[in-house]
Amino acid sequence: MRVSIATPLYRFRRALKGCGGILKFGGRGVRRMTEEKRITRPSRPSDPQNNFPGFSKTKIVATIGPASNSFTMIEALWLAAVDVFRINLSHGTHEDHKMVVKHIRELENKYDCVIGILLDLQGPKLRVGQFKDGPVMLSKGQSFRLDMESELGDDTRVQLPHPEIFAALVKGTTLLLDDGKIRLEVTDCGNDFAQTKVIVPGKLSERKGVNVPDVTLPISALTEKDKKDALFGVEIGVDWIALSFVQKAEDIQELRSLIGEDTAKVMAKIEKPAALSDFDRIVEEVDGVMVARGDLGVECSPHQVPVVQKRIVSRMRQVGKPVVVATQMLESMIQNPTPTRAEANDVANAIYDGADAVMLSAESAAGSFPIEAVDTMESIIREVEHSPEYRRRMESKTRIKPQRLDAMIPCARALARNLDASALVCFTTSGRIAMRISQERSTRPQIAMSDSQKTARWLALLWGIYSVYEPDLFGSRSECGEIPYDNFNFDKVVEVASNVAYSKKLAKSGDMLVVTGWKPGGVPGANLLRIVQMTDNGTTDNSTKGD
């Protein structure tokens with residue numbers, strides 16, 4: 001029986017067993033010497049409370065770029081603790097990205113694991129035109145005109161080839177240029193121009209970006225390029241698609257209608273104030289959210305970003321959907337092997353808030369120390385998750401009132417805790433039960449088994465979920481893909497769960513497992529619950545079972 005597990009320790013042990021090259025044992029762990037890069041996998045401390053090898057529950061998303069797009073580097077990043085790889089469609093070609101996906105899937109085959117892939121769409125880019133004599137210096141208080149004219153600009157005007165911006169402007173609107181370094185205020189405007197006053201001066205170069213934080217622009221978050229890229233992502237089998245510059249729930253609906261319902265999961269990047277105004281409706285439409293603090297920090301005041309981040313993470317915790325905190329988390333590690341103390345504190349705060357994942361951008365895509373950045377982030381995660389304060393916060397977070405279809409999940413969590421169970425195990429086809437278990441933020445290891453590889457892959461992003469792909473989990477299916485009730489064997493499912501927990505050293509002889517899931521033909525949602533006791537060799541003592 002083939003079982004694939006996306007867990008750090010599992011991949012580490014498999015690496016020791018099957019990797020080539022020279023293995024050297026040192027004080028911090030095991031070092032594998034390759035032709036391109038030395039791969040280091042730090043040893044994981046034991047959890048004094050749970051008595052199992054310490055697993056990081058907060059996931060790491062790493063962006064692939066020129067510094068990390070080879071198979072060797074992708075493998076090194078994954079061995080270093082990356083759970084999901086991000087492909088940024090703002091850079092590179094479709095052929096480049098197709099090769100990256102090929103490498104990741106080859107890595108899955110090599111280590112018998114599941115790995116998530118997040119495709120990040122570029123979104124609409126609003127930029128000024130070109131200047132006749134190079135960059136211009138704008139002085140405070142001077143008048144500066146933006147218009148649709150094609151002539152090259154100077155220190156009095158420049159082209160802005162975006163009629164949708166002019167259509168949304170009113171007197172007093174703020175315009176931000178070059179990531180907010182220059183601030184303009186509209187003094188007069190029409191359908192094809194805006195006369196402005198320079199509030200914050202600076203040097204303006206050609207093709208610099210324009211942000212309009214005060215208004216909702218009458219543009220779609222999906223450009224023609226984005227539509228082609230999204231369909232390309234579906235074709236190559238990515239697991240998540242992130243939509244940039246979301247302003248309203250209809251933006252998400254447009255993407256879903258394009259890619260279809262049963263393809264990739266949709267993530268909304270929150271980086272515009274307009275999205276905050278329609279946030280509750282956006283949350284209803286999406287499968288997950290990313291706090292994209294780069295552009296959000298341009299359009300909002302910097303002092304507002306921490307408050308907005310905590311609000312978003314808290315709301316996503318309430319609804320039980322994953323949230324990723326991203327942008328400039330370890331920015332200094334693009335050029336330096338260690339982070340600043342403020343950066344380490346920033347990552348820790350996101351973890352303390354309960355984010356499902358933290359993300360590396362340029363640090364892993366174009367930096368000089370991509371593996372060191374992952375190691376650093378993993379070390380911060382481990383340190384926070386082993387602190388009593390973190391456990392207290394996870395326990396005290398308000399959880400939503402259980403509904404009829406998932407009322408058994410809190411019961412399973414409580415049983416796992418009260419029995420000091422070695423693991424909380426669920427089996428799922430759609431992933432819904434695993435999402436609900438992740439929302440509970442149990443201190444126990446949480447194993448999600450699925451007979452759907454697609455489901456197993458996107459679950460890799462969720463907090464605390466160790467994803468297992470077992471194609472024969474539910475036996476044979478009918479021609480229409482349904483699970484025949486007569487073919488369902490709960491004893492087999494429990495036995496697979498026991499084998500997985502035993503092989504991961506999450507359970508040993510005498511330990512308890514709490515297993516929950518869905519019984520075909522029964523009420524949808526978690527409708528099965530069993531407590532089993534481990535015996536030798538990963539089998540279960542049938543005398544302890546009970547449904």
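Is D356 buried or exposed, and why does it count that way?

Mentor: Note at the outset that this is a predicted model. D356 counts as buried because its relative accessibility is 3%, and the cut-off for buried is under 20%.

Start with its place. D356 lies in a loop.

Now the surroundings. Leave out residues up to four places away in sequence. D356 then touches K57, T58 and K59, among others. K321, P322 and V323 are also on its contact list. So are S438 and R441, along with L461, L462 and W463. One of these partners, R441, has a polar link as well: the side chains of D356 and R441 form a polar contact of 3.4 Å.

A434 sits in helix α16, which spans residues 432-440. T516 is 82 residues from A434 along the chain, yet their C-alpha atoms are 9.9 Å apart.

Next, the cores. The largest nonpolar core has 79 residues. Within it, F85, I241, L255, V289, I312 and M377 touch the most other members. Helix α13 (residues 370-385) gives this core its largest share, seven residues. A second core of 30 residues is separate, and L462 is in it. W240, A412 and W458 are also among its members.

F85 contacts A62, I64, I74, L77 and W78, among others, with neighbours within four places left aside. I104, I115, G116, I117 and L118 are also in contact with F85.

Finally, the whole chain. It holds 18 helices and 26 strands. Take contacts between residues at least 6 apart in sequence: 68% of them join residues at least 24 apart. The accessible surface comes to about 22200 Å², and carbon and sulfur atoms account for 50% of that area.

Terms used: Residues numbered from 1 in each chain as written. Predicted model: local features only at pLDDT ≥ 70, side-chain atom pairs only at ≥ 80, totals over all residues. Heavy atoms only, no water. Helix = DSSP H or I, 4+ residues; strand = E, 2+ residues; numbered from the N terminus. Contact = heavy atoms within 4.5 Å. Areas by Shrake-Rupley, 256 points an atom, 1.4 Å probe, with all protein chains shown as cover. Buried < 20%, exposed > 50% of the residue type's maximum accessible area, 1.4 Å probe, protein only. Polar contact = N/O pair within 3.5 Å; in protein donor to acceptor, adjacent residues only side chain to side chain. Core = buried A, V, L, I, M, F, W, Y, C linked by side-chain atoms within 4.5 Å.
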